[in-house]
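Try each task before you read its solution.

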Amino acid sequence: DREADIYVPSCRLDIEVDGVNHVGKGCLRDEKRDKLLKERGHNVLRLRHGDISNGSFITKLQEILSRQ
């Protein structure tokens with residue numbers, strides 16, 4: 001298994017940042033990996049380029065952290 005782009009062990013949070021060109025087979029592989037991580041009790045936050053540039057990831061992150 002490869003490591004997450006960002007991992008926060010205190011809340012078992014895997015943050016993945018997908019580039020602008022992230023499509024196709026990579027997405028299917030990511031879906032399988034996300035499912036496996038969730039089955040193992042991890043929180044997965046997958047961000048797209050637009051989520052970072054417009055700041056919408058803040059809400060997603062707050063939702064995950066509020067469940068801790």
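**Exercise 1.** Find which side chains make polar contacts with the side chain of Arg 46.

*Solution.* Start with Asp 18: its side chain and that of Arg 46 are joined by a polar contact of 2.9 Å. Next, the side chain of Asp 30 makes a polar contact with that of Arg 46 at 3.3 Å. A polar contact here is a pair of N or O atoms within 3.5 Å; within protein, one must be able to donate a hydrogen and the other to accept it, and residues adjacent in sequence count only if both atoms are side-chain atoms. Now place the arginine: Arg 46 lies in strand E3 (helices, H or I with at least four residues, and strands, E with at least two, are DSSP runs numbered from the N terminus). Keep in mind that this is a predicted model, where local features need pLDDT of at least 70 and side-chain atom pairs pLDDT 80 or more, while totals for chains, interfaces and linings use all residues. Residues are numbered from 1 along each chain as its sequence is written, and side-chain values use heavy atoms, without hydrogens and water.

**Exercise 2.** Decide whether His 42 is buried or exposed, and find its polar partners.

*Solution.* First locate His 42 in the loop between helix H1 (25-39) and E3. His 42 counts as buried because its relative accessibility is 15%; buried means under 20% relative accessible area, exposed over 50%, partly exposed in between (1.4 Å probe, protein chains only). Then look at the side chain of His 42: it makes a polar contact with the side chain of Arg 12 at 3.1 Å, and another with the side chain of Asp 14 at 2.8 Å.

**Exercise 3.** Work out how strand E2 pairs with E1 and with E3.

*Solution.* Take E1 (residues 6-8) first: E1 and E2 pair in the antiparallel sense over three bridges (two strands pair if DSSP finds at least two bridges between them). Four residues separate E1 and E2 in a hairpin, and Arg 12 in the turn has a positive phi of about 50°. Turning to E3 (residues 43-47), E2 pairs with E3 in the parallel sense over five bridges. Leu 13 is the bridge partner of Val 8 and stands opposite Asn 43 in E3.

**Exercise 4.** Which residues form the largest nonpolar core?

*Solution.* The six members are Cys 11, Leu 13, Ile 15, Leu 45, Leu 47 and Ile 64. E2 and E3 each supply at least two residues of this core. A nonpolar core is a set of buried Ala, Val, Leu, Ile, Met, Phe, Trp, Tyr and Cys residues joined through side-chain atoms within 4.5 Å.
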